[in-house]
Amino acid sequence: MTTHPTGPVPAEVTGHDTAGSVQELARRCRALLGDEAVITDEARRRTYECDGLAAYTVVPALVVLAADTNIVREVVAHCHELGVPFVARGSGTGLSGGALPHAEGVLIVTSRMREILDVDPRAQRAVVQPGVINLDVTAAAAPHGYYYAPDPSSQQICSIGGNVAENSGGAHCLKYGFTTNHVLSVQMVAPDGALTRLGTTAPDAPGYDLLGAVVGSEGTLGIVTEATVRLTRAPEAVVTLLAGFRSTDDAGTAVSAIIGAGVVPAAIEMMDRLSIEAAEKAVACGYPAGAGAVLVVELDGPAAEVETQVGEVREHCDAAGAFEIRQAVDDAQRALIWKGRKSAFAAVGRISPDYIVQDGVIPRTALPEVLRRIDALARDNGVRVANVFHAGDGNLHPLVLFDGSEEGATERAEDVSGQILRLCLEHGGSITGEHGVGADKAAYMPQMFSDDDLDTMQLVRCAFDPRYLSNPGKVFPTPRLCGERPGRRSGTHPLQDAGVAEIF
Amino acid sequence: MIATGVLDDLAATVGGHAQEAGSQDGVAGVPARWVAAPGSAEEASALLHTAAGLGLTVVPRGRGTALGWGSPPRSADLLVSTERMDRMVEHNPGDLVCVVEAGATIDAMNEQLAQHRQQLALDQPLPGATIGGTVSTTRSGPRRLLYGTPRDQVLGVTMVRPDGTVATAGSKVVKNVAGYDLAKLLGGAYGTLGLICRLVVRLHPLPRARMWLRAWYTDAETAAAAALRAAGSQLAPSAVEIRRTVSAAGADVFVLLEGTRTGIDGRSRQALELLAGATETTDIDPEDGDRLGVLQAGPEDTLVKVAVPLPGVAAVLHTVQAAESRYGVPCHLQGSAGAGVLHVVVQARERPDAVARTVTDLRRAAVGGSAVVLQAPAPVRTLVDAWGPVNGLALMRRVKDEFDPDHRFAPGRFVGGI
């Protein structure tokens, strides 16, 4: 794994010298907010040094706890004036270091902005502030028979603002899509401090789909201060199946047969032997004993359709060699089945002192081949890999297990983790399905995209943030100098000279 | 500039597939000078690089089904036709994804996909359309309620920028969050940011059974209420359409159910309960149902796309009826009451002032949404702002400036004169 530069952005890019500006920013923020919401004390700043990816730490120069849109707007406007970089942070649960602070910048925390402003079941919409917890939207909609569909595993603690930044998915996005399919409109503070609305409460807002670009831009295009989201009608029936197989190959055969038959389950999740073992140790989920793989298949919709689909899925699982199939019909049984799957990441802590959570995507049909290659990679490098994945859409979450106290083990694990991403790309997939690029994977972007691809994406960045102040150093390995025409660059990149960026 | 020299230069980049424009090659009434048809992204890149050197204005064209939509361009030197880029490049049925060139028609795609019992689930309001044109103008029909729009179905894009640079974003897998989603930015951009050459789209299985139900209501308000009930039900309908024909007091509601035969039997009984209050409820020929999404606008009609939050559908119906009686303009309304996206056809070419007033009223009724004039005769266009208020326009101008600094691509065709 290559460490990613997160140091100060040089004056060539920002047009400003950041030294001294942070003190001035702190002074202005205190005048605006009082002392309580402006953190300058080093020990307290240190508590924000990482997000959900603890491998990277940077202590922010300043932390501001924003209580409302106006505060975000004012702080960003000051950042723009003073040339100080800013990073937005919601609940801090991201797994790619997207909210990793900037050493000479301000961390703007939106977790205090957690008001649900409106729930309108007739319009199938809710309006929420960015710090609202994902599951709380569903809780507010549930009495009306609705829910908020994107359900990342961290949904009990992650915030909508973070979900919008990362375009979060979840187990049910196979059928229901990602955050981008469920956000209709946002109010955001652009990097120049201008308050802007994108999209409308209705679909198909006229003009460029800037909202489509902002969702998933990992905080590099501004800070979202309010989101209008779609509410989805709760299905009439939900059935969850748990099927035990001898091997991942057998389970994979079942997945292919289900999809091939035209059934679109709400979710199909797979776990392999090692991840099942970990989950059993952690939460005693009672999965079929001796299974080399389990599938969790959830079907939802009108009762009359679900009943037919359940029968078909059971047949396909039987035909593929399932030795045990359990069917949950109530919430308690369903929760038990999901418990094992949802605890999987944390559970591997029971069987290994250290682990890396990887997130890559392959075309679903490449699953058996890629699993064999991962197995070989693990063997060759003397590490263990537990596999948990969203089998329906080919999103792998290999967990690379290692003991950091062992000489060279960390490096070997990081190497295997990186090679898994290369495997994904070799098979026409992606380096991230839902965790984001952030600080963690910027170095891999040139393996997935050409210079021209990255340059073109950064045209959007230049339109929104020509001074490179909004979460700099994330997503793109090499910043584009805005106003620069491609192909006319000679010599080394100024950021390379400054030691800030490498050409990967 | 000597015209023949330009044609030679252009033709050299596309294997000779360039010619002088004919009288049929205008864009919304604006005549073009040349038409060129690149056969690949590489040829398109060479063509657009040459066009950039010559300072030509450029308008992309698929089959031309929606070429009259959007504002007329200020200039259209070169039409870039995608007709030679019409191949399905990749289709692995097990992945429910396909890679296709922009000039492929949705009909041709679906013919191929049907062999694998799969489909690109995009309706065609204007039949015969290409996938590239459909994405560029973000067209949708009845089934958007279940399957979404091009926005939800395009996974990746290969484009050629106005300066000739070829760029790809997205990927060939359903789930991917690496980099900016340029496909969304190009969707609905009316060719103002560059040329779409290739798309990766998500596919869906063909349903085993389907049923279209029709319910007729003697008053429009009851119809709108029934549609809202169906949209908010647990029936999971693929479409909830509403149709109100010229000068009618009432309206039809149509519901499409897709699934298994046994499933649909049960669901159709529930649907009939939801559609209570109808004078008549019946199932209709599925082929007739599938044609419901085809827009009923003649070339001289004004076509307005009205998007509203779901409870606002009733207000749009009311506005249409009021406009008819107040201004004497015949109006036809059709669209997805389930998604809140309606199309109003105003048939009064000799009364541009009355048409303009109707547009203004529709815009006022579309609280929280929008009313966009997709198509209109010139006298109407001079009286109305085709796009209406647009959120984020300042940022949109900056995006345009970055992608097309000389404003050569479909200039003037888009919001705010972009």
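Tutor: A residue is buried if 20 or more other C-beta atoms lie within 10 Å of its own, and exposed if 12 or fewer do. Keep in mind that this is a predicted model.

Student: Which residues of helix α3 of chain B are buried?

Tutor: In α3(B), residues 106-114, they are Ile106(B), Met109(B) and Leu113(B).

Student: Why are they on the same side of α3(B)?

Tutor: They cover an arc of only 60° around the axis, so they share one side of α3(B). In general, an α-helix has 3.6 residues a turn, so residues three or four places apart point the same way.

Student: What does the face turned away carry?

Tutor: The exposed residues Glu111(B) and Ala114(B).

Student: And what covers the buried residues of α3(B)?

Tutor: The cover includes strands β5, β6 and β7 and helix α4, all of chain B.

Student: New topic. How many residues has the largest nonpolar core?

Tutor: The largest nonpolar core has 305 residues. Val106(A) and Val313(B) are among those with the most contacts inside it. Helix α8 of chain B, residues 220-231, gives the most to this core, with eight residues.

Student: What does Val313(B) touch?

Tutor: Leaving out residues up to four places away in sequence, its contacts include Ala224(B), Ala227(B), Leu228(B) and Ile242(B).

Student: Now the two chains. How many residues are in contact?

Tutor: 74 residues of chain A contact 69 residues of chain B.

Student: Which element of chain A gives the most to that side?

Tutor: α17(A) does, with nine residues. By class, the side of chain A that touches chain B has 32 nonpolar, 28 polar and 14 charged residues.

Conventions: Residues numbered from 1 in each chain as written. Chains lettered and ligands numbered in written order. Predicted model: local features only at pLDDT ≥ 70, side-chain atom pairs only at ≥ 80, totals over all residues. Contact = placed C-beta atoms within 7 Å. Helix = DSSP H or I, 4+ residues; strand = E, 2+ residues; numbered from the N terminus. Nonpolar A, V, L, I, M, F, W, Y, C, P; charged D, E, K, R; others polar. Core = buried A, V, L, I, M, F, W, Y, C linked by C-beta atoms within 7 Å. Arc of directions from axis to C-beta.
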